[in-house]
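Try each task before you read its solution.

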Amino acid sequence: IKPFHRIVEHTLAQPPEQIANINALKNADFSVTPQIIRSAQVLSRAAEGILFNAEKVSIIDPFICITGRGYKTTLLEMMRLCQKQNVSFHVFCEDEGKADWERTRKPALENFKRELPDNIDLNWYSLSDGDNGYLHQRSIFTAKGGIIYDRGFSQPGDIDQRNTLMDINLMPLATLEQKSGEFNEIIQSPNFTLVHPVWGSK
């Protein structure tokens with residue numbers, strides 16, 4: 001809206017590269033701070049660079065559960081950062097160790113549907129890796145790039161835990177391609193299986 005007239009920066013060895021629009025940004029244009037606190041707002045803001053222009057957002061966290069308030073709060077904060085008219089969220093979690101799907105988690109998703117922003121479509125996948133340990137890394141990715149969250153996406157209820165720093169890292173391109181190939185609507189990975197039918201908000 002208000003383009004820069006001058007950029008004053010003493011380390012520049014050459015003029016800045018100009019691009020025509022936001023879609024011309026590359027993965028190298030994004031960086032993340034190496035450590036963040038675990039408040040929902042900070043957790044979501046760390047991914048703002050890949051969320052604001054995304055049409056599809058994939059989240060992998062074996063521990064994420066819609067019955068946990070800390071997870072719901074972070075998910076909603078992330079959704080609010082998405083500026084596209086239609087954005088699909090795909091959340092992949094581990095089925096083991098959680099409350100009953102039909103009696104607890106599925107009804108909780110139906111209730112959560114009322115809180116979703118109008119431009120968001122949520123899809124929930126419950127997976128099992130057969131105890132091989134494959135479902136471990138917690139990350140978020142879009143077509144623009146990905147970020148690895150060392151301790152996941154839940155905002156802890158305890159203030160001290162919330163203010164304890166957590167490591168985050170940009171996802172290497174090879175990892176982004178591998179995750180995109182495995183965690184998608186088709187689910188054809190030999191490393192895990194879909195336990196329940198995919199739940200969708202629309």
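The exercises below use this predicted model.

**Exercise 1. The whole chain**

Task: Find how many helices and strands the protein chain has, and decide whether its radius of gyration agrees with that of a compact globule.

Solution: 
- Start with the elements. The protein chain has six helices and nine strands.
- For 202 residues, a compact globule would have a radius of gyration near 17 Å.
- Compare. The protein chain has 18 Å, which agrees.
- The C-alpha trace spans about 60 × 40 × 35 Å along its principal axes.
- Finish with burial. Of the 202 residues, 43% count as buried.

**Exercise 2. A buried charge**

Task: Then find which backbone nitrogens its side chain reaches.

Solution: 
- Look for a charged partner. Aspartate 129 is buried but has no salt bridge. Lysine 98 is the nearest side chain of opposite charge, and it is 10 Å away. A salt bridge needs nitrogen and oxygen within 4 Å.
- Turn to the backbone. The side chain of aspartate 129 reaches the backbone nitrogen of glycine 133 at 3.4 Å. It also reaches the backbone nitrogen of tyrosine 134, at 3.1 Å.
- Check the surroundings. Beyond four places in sequence, the contacts of aspartate 129 include Glu94, Asn191 and Phe192.

**Exercise 3. Salt bridges**

Task: Work out which parts of the chain the pair glutamate 55 and lysine 84 ties together.

Solution: 
- Side chains of opposite charge can pair when their charged atoms come close.
- Count. The whole structure holds eight salt bridges.
- Take the pair. Glutamate 55 and lysine 84 form a salt bridge at 3.8 Å, N to O.
- Glutamate 55 is in the loop between helix 2 (48–51) and strand 2 (56–60), and lysine 84 is in the loop between helix 3 (69–80) and strand 3 (87–94), so the pair ties together parts 29 residues apart in sequence.
- Classify them. Glutamate 55 is exposed, at 52%. Lysine 84 is partly exposed, at 25%.
- Now try another bridge. Arginine 80 and glutamate 77 meet at 3.6 Å, N to O. They are three residues apart in helix 3, so about one helical turn separates them.

**Exercise 4. Buried or exposed?**

Task: Classify valine 8 as buried or exposed.

Solution: 
- Valine 8 lies in the segment before strand 1 (35–36).
- Apply the cut-off. Exposed means over 50%. Valine 8 has 82% relative accessibility, so it counts as exposed.

Terms used. Residues are numbered from 1 along each chain as its sequence is written. This is a predicted model: local features need pLDDT of at least 70, side-chain atom pairs count only at pLDDT 80 or more; totals for chains, interfaces and linings use all residues. Side-chain values use heavy atoms; hydrogens and water are left out. Buried means under 20% relative accessible area, exposed over 50%, partly exposed in between (1.4 Å probe, protein chains only). Lys and Arg count as positive and Asp and Glu as negative; His and the chain ends are not counted. A polar contact is a pair of N or O atoms within 3.5 Å; within protein, one must be able to donate a hydrogen and the other to accept it, and residues adjacent in sequence count only if both atoms are side-chain atoms. Contact means heavy atoms within 4.5 Å. Helices (H or I, at least four residues) and strands (E, at least two) are DSSP runs, numbered from the N terminus. The radius of gyration is taken over C-alpha atoms; the globule rule is 2.2 Å times the number of residues to the power 0.38.
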